[in-house]
Amino acid sequence: MNQTLQGIGMTSRRTRERMINRLSEQGIISNKVLDVMRNTPRHIFMDEALASRAYEDTALPIGHNQTISQPYIVAKMTELLLERGPLENVLEIGTGCGYQTAILAQLVDRVYSVERILALQRKAKGHLWELKLKNVSYLHSDGGWGWPDYAPFDGILVSAAPSEVPEMLLQQMAVGGVMVIPIGKCGSQELQRITRTENSYEFEKVEPVSFVPFLSGRE
Ligand code: SAH
């Protein structure tokens with residue numbers, strides 16, 4: 001790995017290891033998720049001025065009024081998505097800077113990632129390219145429509161909070177598929193896991209969370 005990817009000082013491997021210890025203390029138990037987060041440089045996903053804070057457990061700005069999700073949330077959502085076994089094709093809504101995408105890409109066969117802000121999508125593509133993660137397809141679109149061409153998905157992960165689950169996303173779940181999604185208005189959102197059964201959907205409430213809103217249209 002070159003020096004930028006490897007990191008030095010506040011972006012070093014040791015700092016990353018401290019993040020992993022904190023995630024374990026916070027209740028993340030999946031070794032697969034912890035290993036992938038240990039080996040993925042988070043600092044390359046943000047502007048240089050903020051790189052030294054990349055391993056703090058906090059959401060940080062990535063421009064366009066958006067934030068990179070805090071490490072705990074990325075770990076928790078990934079763990080919930082994968083808990084019942086390996087997944088082949090996963091739809092991600094809200095690529096943002098691409099960090100969550102990079103984690104998913106190392107744990108599932110293929111990621112289909114949708115982002116409504118073109119400038120963010122372009123940057124994310126660059127970061128994933130740098131990490132040589134090539135099993136990701138990108139779409140510039142309103143994620144409320146999902147990505148019908150590649151449906152059904154056995155996993156869906158949504159990184160922005162709608163007030164209700166978009167109908168199209170429910171329709172694009174495979175039977176037995178899992179969706180992890182924050183739901184609710186600013187100040188009262190809850191992370192939920194939805195499982196599609198033969199003839200209905202099961203909803204599990206996980207914990208209160210704070211995400212940027214799920215917006216319609218494209219920029
Ligand atoms: N996982 C990302 C989270 C970024 S914040 C990261 O860690 O960087 C949430 C992202 O969802 C933002 O980039 C925002 O533009 C995007 N978003 C919000 N509503 C959306 C929608 N309807 N369709 C697609 N992307 C959406």
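Colleague: Which residue is the bridge partner of leucine 91 in E6?
Modeller: This is a predicted model. In it, E3 and E6 run parallel and pair over 4 bridges. Within E6, leucine 91 has as its bridge partner isoleucine 156.

Colleague: In E7, which residue does glycine 155 stand opposite?
Modeller: Strand E7 covers residues 173-183, and its pairing with E6 is parallel, over 4 bridges. Glycine 155 stands opposite a residue of E7, namely valine 178.

Colleague: How many of the 6 residues of strand E6 are buried?
Modeller: Buried means under 20% relative accessible area. Strand E6, residues 153-158, is largely enclosed by the rest of the structure, because the buried count is 6 of the 6.

Colleague: Where is the cis peptide bond that involves proline 152?
Modeller: Most peptide bonds are trans. Proline 152 sits in the loop between strand E5 (136-140) and E6. Omega is near 0° for the cis bond that runs from alanine 151 to proline 152.

Colleague: What is the phi of histidine 64?
Modeller: Histidine 64 belongs to the loop between strand E1 (60-63) and E2. Its relative accessibility is 44%, so histidine 64 counts as partly exposed. Most residues other than glycine have a negative phi. Histidine 64 is not a glycine, yet its phi is positive, at about 55°.

Colleague: Is asparagine 65 buried or exposed?
Modeller: Asparagine 65 is also in the loop between E1 and E2. Its phi is positive, near 65°, and it is a residue other than glycine. The cut-off for exposed is over 50%. With a relative accessible area of 77%, asparagine 65 is therefore exposed.

Colleague: What volume does the largest pocket have?
Modeller: Its lining counts 39 residues, and those nearest the centre are Gln66, Thr67, Ser159, Ala160 and Val212. The lining splits into 20 nonpolar, 15 polar and 4 charged residues. The space in the largest pocket comes to about 590 Å³.

Colleague: Which element gives the largest share of the lining of the largest pocket?
Modeller: Elements that give two or more residues to this lining include strand E2 (66-68), helix H4 (71-82), strand E3 (89-93) and helix H5 (99-105). Strand E4 (110-115) and strand E9 (201-209) are also among them. The largest share is 3 residues, and it comes from E2.

Colleague: Which elements each supply at least two residues of the lining of the second largest pocket?
Modeller: This pocket has a volume of about 170 Å³. Its lining consists of Ser30, Lys32, Val33, Glu79, Leu82, Glu83, Gly85, Pro86 and Leu107. By class, that is 4 nonpolar, 2 polar and 3 charged. The elements with at least two lining residues each are helix H3 (31-39) and H4.

Colleague: Which residue has a polar backbone atom 2.6 Å from a nitrogen atom of the ligand?
Modeller: The ligand has 25 residues around it, and the closest are Cys97, Glu115, Asp142, Gly143 and Leu215. A nitrogen atom of the ligand lies 2.6 Å from a polar backbone atom of leucine 215.

Colleague: Which backbone nitrogen does the side chain of glutamine 189 reach?
Modeller: Glutamine 189 is part of strand E8 (residues 189-196). It is buried, because its relative accessible area is 6%. At 2.6 Å, its side chain reaches the backbone nitrogen of phenylalanine 211.

Colleague: How far apart in space are isoleucine 28 and leucine 139?
Modeller: Isoleucine 28 lies in the loop between helix H2 (13-25) and H3. It has a relative accessible area of 3%, so it is buried. Isoleucine 28 and leucine 139 are 111 residues apart in sequence, and their C-alpha to C-alpha distance is 30 Å.

How values were computed:
Residues are numbered from 1 along each chain as its sequence is written. This is a predicted model: local features need pLDDT of at least 70, side-chain atom pairs count only at pLDDT 80 or more; totals for chains, interfaces and linings use all residues. Side-chain values use heavy atoms; hydrogens and water are left out. On a 1 Å grid over the protein atoms alone, a cavity is a set of points where a 1.4 Å probe fits but cannot get out, and a pocket is an open set with protein on both sides within 12 Å along at least five of seven lines; lining residues have an atom within 4 Å of a point. Grid points are joined across faces, edges and corners, and a volume is the space filled by probe spheres set on the points. Ala, Val, Leu, Ile, Met, Phe, Trp, Tyr, Cys and Pro count as nonpolar, Asp, Glu, Lys and Arg as charged, and the others, Gly among them, as polar. Buried means under 20% relative accessible area, exposed over 50%, partly exposed in between (1.4 Å probe, protein chains only). Two strands pair if DSSP finds at least two bridges between them. A residue is near a molecule or strand if one of its heavy atoms lies within 4 Å of it. A polar contact is a pair of N or O atoms within 3.5 Å; within protein, one must be able to donate a hydrogen and the other to accept it, and residues adjacent in sequence count only if both atoms are side-chain atoms.
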